[in-house]
Structure formats: C-alpha cells, structure tokens
Protein chains: 2
Amino acid sequence: MAKYIIIGGVAGGATTAARLRRNDEHAEIILVERGDYISYANCGLPYYTGGVISEREKLFVMTPEKFNQTLHVDVRIATEATAIDRAHKTVTLVERKTGKTYTESYDTLVLSPGAEPVRPPIPGLDLEGIFTLRSVPDVDGIKAWLDMKRPERAVVVGGGFIGLEMAENLAHRGMAVTIIEALDQVMAPIDFEMAALVHRHLRDKDIELRLKDGVSAFEKRGSRIFVKLASGDEVPTDVVIFSVGVRPDTKLARDAGLETTPQGKPGAGAILVDEHFRTSDPNIRAVGDAIAFRNPLSNEVGIVPLAGPANKQGRLVADAIVFGDDQVPAWKGAIGTSAAKVFDLTVAATGLNEKVLARIGKPCVSVIIHPNNHASYYPNAVPLTLKVIFDPQTTRILGAQAVGYDGVDKRIDVISALIRKEGTVADLCEFEHVYAPPFSSAKDPVNMAGFVAENILQGRSKVVSWKQFEELRAKGAFVLDVRTREEFELGAIPGAVCIPNTELRHRLNEVPRDRKVLVYCGVGLRGYLAERILRQNGWTDLYNLTGGYKTWSAAVE
Amino acid sequence: MAKYIIIGGVAGGATTAARLRRNDEHAEIILVERGDYISYANCGLPYYTGGVISEREKLFVMTPEKFNQTLHVDVRIATEATAIDRAHKTVTLVERKTGKTYTESYDTLVLSPGAEPVRPPIPGLDLEGIFTLRSVPDVDGIKAWLDMKRPERAVVVGGGFIGLEMAENLAHRGMAVTIIEALDQVMAPIDFEMAALVHRHLRDKDIELRLKDGVSAFEKRGSRIFVKLASGDEVPTDVVIFSVGVRPDTKLARDAGLETTPQGKPGAGAILVDEHFRTSDPNIRAVGDAIAFRNPLSNEVGIVPLAGPANKQGRLVADAIVFGDDQVPAWKGAIGTSAAKVFDLTVAATGLNEKVLARIGKPCVSVIIHPNNHASYYPNAVPLTLKVIFDPQTTRILGAQAVGYDGVDKRIDVISALIRKEGTVADLCEFEHVYAPPFSSAKDPVNMAGFVAENILQGRSKVVSWKQFEELRAKGAFVLDVRTREEFELGAIPGAVCIPNTELRHRLNEVPRDRKVLVYCGVGLRGYLAERILRQNGWTDLYNLTGGYKTWSAAVE
Ligand SMILES: Cc1cc2nc3c(=O)[nH]c(=O)nc-3n(C[C@H](O)[C@H](O)[C@H](O)COP(=O)(O)OP(=O)(O)OC[C@H]3O[C@@H](n4cnc5c(N)ncnc54)[C@H](O)[C@@H]3O)c2cc1C
Ligand SMILES: Cc1cc2nc3c(=O)[nH]c(=O)nc-3n(C[C@H](O)[C@H](O)[C@H](O)COP(=O)(O)OP(=O)(O)OC[C@H]3O[C@@H](n4cnc5c(N)ncnc54)[C@H](O)[C@@H]3O)c2cc1C
Ligand SMILES: CC(C)(COP(=O)(O)OP(=O)(O)OC[C@H]1O[C@@H](n2cnc3c(N)ncnc32)[C@H](O)[C@@H]1OP(=O)(O)O)[C@@H](O)C(=O)NCCC(=O)NCCS
Ligand SMILES: CC(C)(COP(=O)(O)OP(=O)(O)OC[C@H]1O[C@@H](n2cnc3c(N)ncnc32)[C@H](O)[C@@H]1OP(=O)(O)O)[C@@H](O)C(=O)NCCC(=O)NCCS
C-alpha cells in the first residue's frame, strides 16, 4: 500500500489528494495544512471583504470532514511540515495548537505550499491597520478591522489584480480608496495603452490612482496611518492593503536542499520541477504557486501563481505518481492566461505582452481593435478593446489582451486555446465562432484581429503603435485624420489635417507625396480604408495608427 | 482594369464587393441586388419583429449610397440577374421597377444569391396571414400585419433557430404561441436530451410545443386560420410563421448549367465549389448559403447557411480573385458552429452531433456535464449543460453542444477553435482559461468535460447515455443511486437503491457482484466517485450515467 503525503491543503494540494484517491483507492493519503482550513476559495477573498460574497461558509469548497468522508483522506489541519528528511523519506510535522512534533514517512511527498505576499523592508509595514491578503485568517482580520473601525479612507499599495479587486471591494463598502503603484501602470500582464483604459475607469469610479510612486514608509500619527511616498508626498489613511506581489513559500523545500530558482528576481526561490513535477529529489514532487517552469512562449523559467494551473498540475501529478510518468501527458508550461474584474470592466490577457517580448528581444507586431462585443444593432452592444500580438516571421500568435465589458473573457479564452495549439494569424481569421446577434457579429472580434494582422503580414497595411506614431509625428510626418469633420472638431491629434475617408478619392492632391504620411481614424478601420486608397495610388511611406484615436487618446492623455 | 460583377448584395455579396475594392482600387465593381436593400441584418429580423430592435434603420449596416461613397462600388438595387451567358461572359440584368433589361460583361462573376425559405406543397400555404421570413420586405409584411390585426394567437411551423427566435419575439409581443415541429425535437444541431432542456424552457415560457406532428393543410374559416396536423388535430390561429428550413436560391446558376448538388435531399441544388469558391465555370465563383462544400468532420457535402461562413467566404473569394488562388488559404469547410438565444436560454453547438455520427456510422463517445458557468461561491452562478462528443480511437473532438445561460457561447467558441485545430480530449484537459470568480472556476467546464472524457479513454470510467441506461435498466441491471437520502426521496429512477457515495465504502456488501451495476447521481460526479470505489474493489460490469439524474429526467420525462 503506497503512502502519500501532501503539504498544503488548498488549490494544488487538495486537488492532488482528491485525484490520488480516485486513482488509488487503497493508498494511505495524508494532507497536511498549516492553517485551520483546506480547500478554500482564495480567489473569493476580496469579494468576501466587500460583502459581495456575504456568507463566510461559501468560501469553503470542502471541509476536512467532508474531504475525509468523500475521499477517505487523512486531513491534518493546524499542522506544519517543518523539515524533510530526504534520506529516510520522512517529514517532520508540528501540531500548531499543542506543539506536538512527530515524523511521518512517505513513499512520495507532494509539495503545494503556495506563495506568500511579498513584504519588502519598508519602515512601518508592521503597523496595526496594514494588511496583506492570502488566507482566510487574513481576510477575517481585515473584515474584523473594517467592521470595528469603520474606516473612511483606504490605501491599496500595488496595482496587481489582487490590489485592484481589493480597491473595488473597499470602494463597494463606501470607502475612499487610493491605489499606489510604483510602475507607470496597473495590471502587469497587459501593456501600457491597455492599462490606460483601466486607469481611466478607476478614476471614473473615484479611485485615486498614484502611478510611478513607491512607498518609502508608513507612519502612525494619532489614529491615522500616513503613507510616505518616494515623491515626498504623503497619503493619510485609516487602513492599508499591501499587495505588491507574491513569492514562493518554499523555506521547507530550500531547507531540504531541493533545487530552487536563484534569489534576486521576482519569483525567486521557486522549486524547479520537470514536466512531471519532479523536483531534484525523485521522491518529492511539487505543484502550484511554489514551482518554476519554462514558459513555452518565452522560454523563460518563472512562476505562474494562478489557480487554474495549480488545479491542473494537482491532477497531473497524482496521475504521474500512480500511473507512472510515461503514462501521463507532459506539462507544457502555463502561458499565463488570466483575468480580473475591475469594477465594471473585465481585463484579460494570455501569452506574452510587448514588455516581455521587448525584454527577451523577440520581434513582434501588435494590432489593436475596438469592435463591439456583439451585433451593433442588437440591444446593449458595448465596445471592447482587443490587442493581439504576433510573430511577423512565423505568423504565430504570441499573446492577446482585452479590456471591456461583456465578452472579453470569451475572446481571450479562444485565443488562449489557439496559442496552446500553436495557432497563427490564419487561425484567427478562420476561427468559426457561434454567431447570433446577442453573442457576436458575423465577423467575430477574434476574426477581425486576424484580418487586420493578415493585412500587415501581406504588406497591404503598415501600422504604427501610438508610441511610434508620436515619435514619427515629432519628426515631422504628415498626419491625416480621415474621420468626419464633426469628429475632428471634437478632438484630434495636434497638427492633423482632416480629409474624411469618403472624400479622399477626390482630394488625393491634398496629401503630400514627399513626406511620411500617418493616417488615423477613430479606431483604425477607416484609416485602413484610406491607407488602401493611398497605397494603390502610389503612396508607400504610409502608416495607419493601430487602435486609432481611441487608443492614442487613452495612452497619451 | 478588371471588371467584377457580384450577384446578391447582403452577407456574402456585400463583403465580397468591399474586400474586392480594398484589394483592387482601380477595378470596376458592380453589386447587383434584386431587392431594395443591401447589407442588411437578416439575423436581426426576428428581433425587429418583436420590437427588441426598435428602429428599422438599425437593420441596415450599409446603404447603397454609403457603400458607394466609402468603397466606390456601383450598387444596383431592384435589379435581378436573370441569365448568365458563360460563353460571352455576360449577365442579363432586369430593372425591377422599369422592366429595363440589359447585359453587363464581367471578367469574374461572383454569385452570392443566398437561400430561400422552403415551401412544400401544403394546401393553403398561400393564405393571407401565413408568412415566411428571409428579407426586409418579409419582415415589413409581418410587422404591418401584426400591427394592423393585433392577433392574439400565432403558430410557428418549424422548430429551427429562426422558428424559435420568431416564437420568442411573438410571445414578447404578448401573443400566445404554438410551435409545430415534425421531428421529436427542436433545434436540429443538438441531440435529443439537450433539446429536451429547450423543450422544458419553452413550456415554462408558456409556449405550446407540438412535437412529432406535421402540418397537412392550412384552412381559413372566418378570420382565423386553422392549422391541420398529420395527427388529425387542428390548431386555430391568427397568424402563421412558416419556417421549416431554407434551400439554395440557385435558379440562375442552374439555368446557366453550373454544377449543383443533386435534387432530393435537404440543401439540394447548391452550387458546387472548390476550396477557392470556383464553380464548374472558371470565371464564376460562388459563396454563402447557395454553395455546397465538404464538411471536414463528416466528409459529407452540404450547405451551412450561416452568416459567419458567408462573410468569411466573401473575403476569401475576393482575395482569390485579385491575388490568385495560390496566394490565398484554401477554404477548409465550415464545421457548423452556431447559436441561438431561446428566451432566457442560450443554445449553441459546434461540429457533429450524435444523430449525424450515427448516420455516417462513425464511432463516438459522449459526455454530459452540468457545471456552473462560474465559481459557485460568486453571486449569480448558473448551471450550464455541456455535451462533448469525441472519437474513442483518435481521441479527436468531434462536436459539442451546450444549453444554459451565461457562458454557453464561450465554451462552444473555445471547443470550435480546438476542433478546427484538430484538437483532442487532451486539449480540453489542458485548455488554459481565464479564471477569476466572475468568469469561470479553477477548472473550466471545458477542462471538466476533458477530464471526464479522459477517464473514459483510460478505462477508468465507463459511462452510459440516458438511452443506454434505460435499455440496461429494462434488462434488469442493478441501479445504484449515490445521492443523499433527501435527494433520493425527492425523485429517483424507478427501481434504484440509494447508498450515498459518502457511505459506500462501508456498505459495499449491499452492491451485488453478480449483476451489471448502473450507478448515478445528480449530474455524474458522485456517480464517478462511487464508480472509482467500486471498480477498485473488484466491480467491472459497472457504468456511470453521464449527465446523471438531471439529464435522465429531462430526456425521459
Ligand atoms: C486574494 C487572492 C485572490 C486570487 N484570485 C485569483 C484569481 O482570480 N484567479 C487565479 O487564477 N488565481 C487567483 N489567486 C491565486 C490562487 O489562489 C493561487 O494560484 C492558488 O491558490 C495556488 O495554489 P497552491 O496550492 O500553490 O497554493 P495555496 O492555494 O496558497 O495553498 C498552499 C497552502 O499550503 C500551506 N502550507 C504552506 N507551507 C506549509 C507547510 N510547511 N506545512 C503545512 N502547510 C503549508 C499554506 O498554509 C496554504 O494553505 C488568488 C490568490 C489570492 C490570495
Ligand atoms: C431571419 C433570419 C435569421 C438569421 N439568423 C442568423 C444567425 O443568427 N446567425 C447566422 O449565422 N445566420 C443567420 N441567418 C442566416 C444568414 O443571414 C445567412 O447565412 C446569410 O445572410 C447568407 O448570406 P448570403 O450572401 O449567402 O445570402 P443573403 O444574405 O440572403 O443574400 C443573398 C441576396 O441575393 C439576392 N439575390 C438572389 N438572387 C438574385 C438574383 N438573381 N439577382 C439579384 N439578386 C439576387 C437576394 O435578394 C439576397 O438579398 C439568418 C437568416 C434569417 C433569414
Ligand atoms: C475541492 C477540491 C478538493 C476538489 O478537487 P477535485 O475533486 O479534483 O475536483 P472537483 O470536485 O471539481 O471534481 C472533479 C472530478 O470530478 C469529475 N467530474 C466532474 N463532473 C463530472 C461529471 N458530471 N461526471 C463524471 N465525472 C465528473 C472530474 O473528471 C474530476 O475527476 P478526475 O480529476 O478524477 O478526472 C479542490 O478543487 C479544491 O480544494 N478547491 C478549492 C481551492 C482552490 O482551488 N482555490 C483556488 C481557486 S478559488
Ligand atoms: C457591411 C459590409 C459590407 C461590411 O463589409 P466589410 O467592409 O468587409 O466589413 P467591416 O466593415 O466589418 O470591415 C472589415 C474590414 O475592416 C478592417 N478593420 C476592421 N477593424 C479595423 C481596425 N481597427 N483597424 C484596421 N482595420 C480594421 C478589417 O481588416 C476588414 O478589412 P479586410 O477585409 O480588408 O481585411 C458587410 O459585412 C455586410 O453587408 N454586412 C451585413 C450583411 C450581413 O452580414 N448579414 C448577415 C449577418 S446579420
């Protein structure tokens, strides 16, 4: 009878234990969890804070009792694994409440210890009223504080998805919220001009957003906390959510001498595993937020601290353990498909973004479109912004980002599926979507992004990003606005000349032939129509602004 | 200068003309349309009938004037193409209002004449108050009649997606609606037990549904129409929408001697084209509802009368014409991805269904699951039913169907994308979805369907459909209900013995070892857990009911 011990009882760990049982009814399975709870919904914690999820029990997908009843797993909560004796294949367990310490032997040990909030050495970070959020006790602490103190002002440090979800939920409780973010944008998985749409929305929702400013210290004065910033500014608040990222919780693994990623970079100290989640010790495997693996698109080794991968890995590792590595598909690495609701917006991304692609020096081209989520003539159509990044050599899709309302998650899901199948621009064009007016248009946004990309690949269109546009404009290119005169007058790019695309064929003589020409419209479509007319009338040094005025104004303003 | 004529000015035709212009600024392009309108939203017509789309102008994506202004296309409305002289490469055009007849020469002719409603020789079909729906004049006629007569009762003949959309929209106008359908189910693209969910919903919405009964005649008595049925029943009504399918509108093509599919079967008379939409005449191409092409999954040649394919084909054919066939990706055939809103439900499908697979004799296995659309703990989670059909030999995904509320279209879109990339069950398991509580669960329904299918492929689970279940139950199999006693008492499959899955390990002796055992639960999950316990304790002649009691009760009751 095999004996399996799993350290960590939430996403990766509980799933591993559950699948192990289904694979091997007769094994001895011990699930060890330091905290008091297993199988809880980390991802629901921000919404429980805000009262969107009102019942605390809802956070618990499984209780230890139910887990044991259903899956016959020996669940040991409030028990910490403090050491691994790899030579003797034992692990030291400490019961938190009694201090009782004992060892337990294993045939295979699975580590799913997760990650912990990063806490840099900022003076005052330990002050009362400053919280990080990872677990049920964390949220209990935050909720108790909020219910007791009824604070009016909150500061969220960090504009990642947990920070934004917390900002939304604190605002939902009626608090005035300031977000402080050291970078020039929130939401690292998306690029700047996409994040700019989120910035605008946050400000519309009365969130104070302080970008490019880091926290240098926290100070308590009277009943208030003062958040001191690198810029010298000071933000008074009643409560702080500190959420600047996570790092693998791998002391146990490192103490046991398992190979981990080198210190220094974000995600450092993650357990290195192979495609069957084997660590450097053949009897120990690891999954979840604590592991590092190669990104199949960038080839960089890193962490992907997300619940979807943790759950899938848990299932796969249980199969590899019981059925053998050669019986189980190899883990191919997560491409980092993720989403967050930010007030009314949905923000989603998959694959690589331009920032990462620039860092690894991989050539890429991006298109940005702003189609409606469904047929414009059907009620409640709303626009979404979709950016797709592709490799101009191989035509492979490298990544995609979307910001909008309904239907954002759908498009990123589809593109994620295509990327995993080594999809190309042609696959975007050919994608056969479900179409009826409430769901899409006859050409889905995914198709449309493909068409725009294909035109570039074929040399029928040349696009520039808002950033390249600004550079070329500064160098004196001719800027042609092909929107209507009314649109032009409501706001245009400085220096632009307006020739509506419907008049262009008769006014070609107004477009210089001896200068670089930058054309733009509202979203890119009419710019493209104008570009086709000009290009076939001899213009070659001619570029269309991808995403049009809509993207430009969000990014530049 | 090339000269192109396109016959048909809506989905396929208008798109072809638009892309031709972008590809070739200097060509002469003539778009010929028999009706008074081009570029209108056929798919919006039912919603305009119901007043959901309130403004008539919204139906027109482009007017002839705007089309000409923007794309410099010579649009000739109210003009019918009546003959093609292939030898001289001319087409005869008749101006409907003046009767003026003339010919126009072409270098390439593109046909996108669409399809027309099937009108079998049923006595009385021409009575006043009986309508078919294809075009703007059709909907104008229906709306005028409804506004004038204010009828109370309507009959819709045909339970396809147009019929159901019309039923919903007539009900939306306050009418009592009866749907008459000759088959035992509505919505041909989905299988019976999935359609059963739609039947239930229609009845919940007070639609009278008469299945397995055909119309034998219509009779006018007084101001009412009486719909006489094959069963002998008679349904009195004030208005009839007759919507039993479409057939290619190809008289022009057939008269010109172009090759079409043989008469006799549904979709007969469709223009045969190759992968670049070439008809049997090298100077004539055709796209849209009027063409027949090979289905890449079934290898059957047939029509796919949907707007998505028509639009994509229009774009491709324009490329093939201007850039050459060898410069353009070959059309691979549509797999029939489609959706309809039916009152509160979304019904969507992709690929092949079991009915088609049985007809072509292709072996397949199906799984049915009923997961929530997003995390159960997040507000407003609603279940959806997802059926995935796969090839047990190659593990390729053959088709999928879903019925539910939010998130149905998303899952079918993803599976459609995977099918087009020759996806397998492993791809369903590995699919990396965007996950945050408002959008999905850590394991997406697509993953879950993959897991269930993988367990079957690996022999770890054996499933039966509700139909096989009923056959085996009739033959005396032991039926084990592993739900709780409370669930069991609220309704169970006749003859079942209840042993809750949490008690099964201690009550194995109550399960016979010498009989076939059929296990079931609410949706299939606990049945699977029980199956794993039993199988690993020696039971082999053991089957889990896919979709559980939920599917069984919808299909059997
Ligand atoms: C607020 C919040 C919101 C989130 N939202 C999303 C989201 O929307 N989408 C998404 O994809 N992901 C989200 N995540 C991330 C997701 O929760 C994690 O990716 C996932 O839980 C990782 O699973 P894991 O098993 O690796 O770690 P965890 O689920 O964190 O489980 C690790 C467990 O191991 C225990 N442990 C650690 N060391 C020991 C030890 N030595 N002995 C005993 N026990 C130990 C810990 O106490 C912990 O309970 C969110 C996370 C948080 C905190
Ligand atoms: C009520 C309704 C709802 C629909 N809903 C959906 C949906 O939700 N999703 C979906 O995917 N599809 C839907 N469709 C189907 C979709 O509209 C068609 O698949 C699509 O329009 C086909 O494009 P087409 O160019 O082949 O034909 P059409 O769009 O029908 O255009 C053909 C045109 O050719 C003209 N024509 C024909 N012969 C001649 C001639 N000899 N001379 C001059 N002109 C001629 C006709 O007048 C017609 O206007 C719906 C259709 C209808 C009627
Ligand atoms: C609760 C928890 C232990 C469940 O693990 P699990 O049993 O693997 O997962 P589920 O309950 O979803 O069940 C999935 C299993 O049921 C099977 N199944 C699901 N629906 C089925 C159906 N209709 N018919 C047959 N089988 C079905 C699946 O195939 C799968 O079994 P497999 O892995 O052996 O193939 C684990 O997911 C957990 O702890 N979750 C909470 C923590 C977490 O994920 N947090 C982060 C996100 S907030
Ligand atoms: C209106 C109609 C003529 C438009 O045809 P179209 O010009 O090909 O389509 P769109 O207006 O959607 O524009 C798509 C073009 O703009 C380009 N485009 C779209 N967004 C863009 C952007 N942001 N930047 C650059 N280019 C963009 C696309 O690449 C595509 O051009 P391409 O085909 O040359 O690559 C045609 O779709 C039609 O008649 N529709 C109504 C009928 C119908 O489809 N009915 C059935 C469904 S209800």
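## Starting with a term

A polar contact is a pair of N or O atoms within 3.5 Å; within protein, one atom must be able to donate a hydrogen and the other to accept it, and residues adjacent in sequence count only if both atoms are side-chain atoms. Keep that in mind as we look at ligand 4: an oxygen atom of this ligand lies 2.6 Å from a polar side-chain atom of Y528(A).

This is a predicted model, in which local features need pLDDT of at least 70 and side-chain atom pairs count only at pLDDT 80 or more, while totals for chains, interfaces and linings use all residues. Residues are numbered from 1 along each chain as its sequence is written, chains are lettered from A and ligands numbered from 1 in the order in which they are written, and side-chain values use heavy atoms, with hydrogens and water left out.

## Where the two chains meet

Let's turn to the interface. The size of an interface is often given as the accessible area lost when the parts come together. Chain A and chain B bury about 7,400 Å² between them, and 55% of that is on carbon and sulfur atoms. Buried area here is the accessible area (1.4 Å probe) that two parts lose on being put together, summed over both. Each chain brings 84 residues to the contact, where contact means heavy atoms within 4.5 Å.

There are 16 salt bridges between chain B and chain A; a salt bridge is a side-chain nitrogen of Lys or Arg within 4 Å of a carboxyl oxygen of Asp or Glu. In one of them, K421(A) reaches D427(B), with 2.8 Å from N to O. On the side of chain B that touches chain A, helix α10 (residues 408–420) of chain B gives the largest share, nine residues. Helices (H or I, at least four residues) and strands (E, at least two) are DSSP runs, numbered from the N terminus.

Next comes a piece of chain B. Here three strands form an open sheet with mixed pairing, in the order β18-β20-β21. At its edges stand β18 (271–272) and β21 (301–302) of chain B, each with a single partner strand, so one side of each has no neighbour in the sheet. Two strands pair if DSSP finds at least two bridges between them.

Strand β20 (residues 291–294) of chain B runs antiparallel to β21(B), and two bridges join them. Which residue of β21(B) is the bridge partner of F293(B)? The partner is G302(B).

## Ligands between the chains

Ligand 1 lies between chains A and B. Around ligand 1 are 33 residues, and the closest are G12(A), E33(A), S112(A), R134(A) and D289(A); a residue counts as near if one of its heavy atoms lies within 4 Å. Polar side-chain atoms of E33(A) and R134(A) each lie 2.7 Å from an oxygen atom of ligand 1.

Ligand 3 also lies between chains A and B. A nitrogen atom of ligand 3 is 3.1 Å from a polar side-chain atom of N42(A), and an oxygen atom of ligand 3 is 2.8 Å from an N or O atom in the side chain of N455(B).

Back at ligand 4, residues from chains A and B surround it, so the site is shared between chains. On the chain B side, polar side-chain atoms of R19(B) and S39(B) lie 2.7 Å and 2.8 Å from an oxygen atom of ligand 4, respectively.
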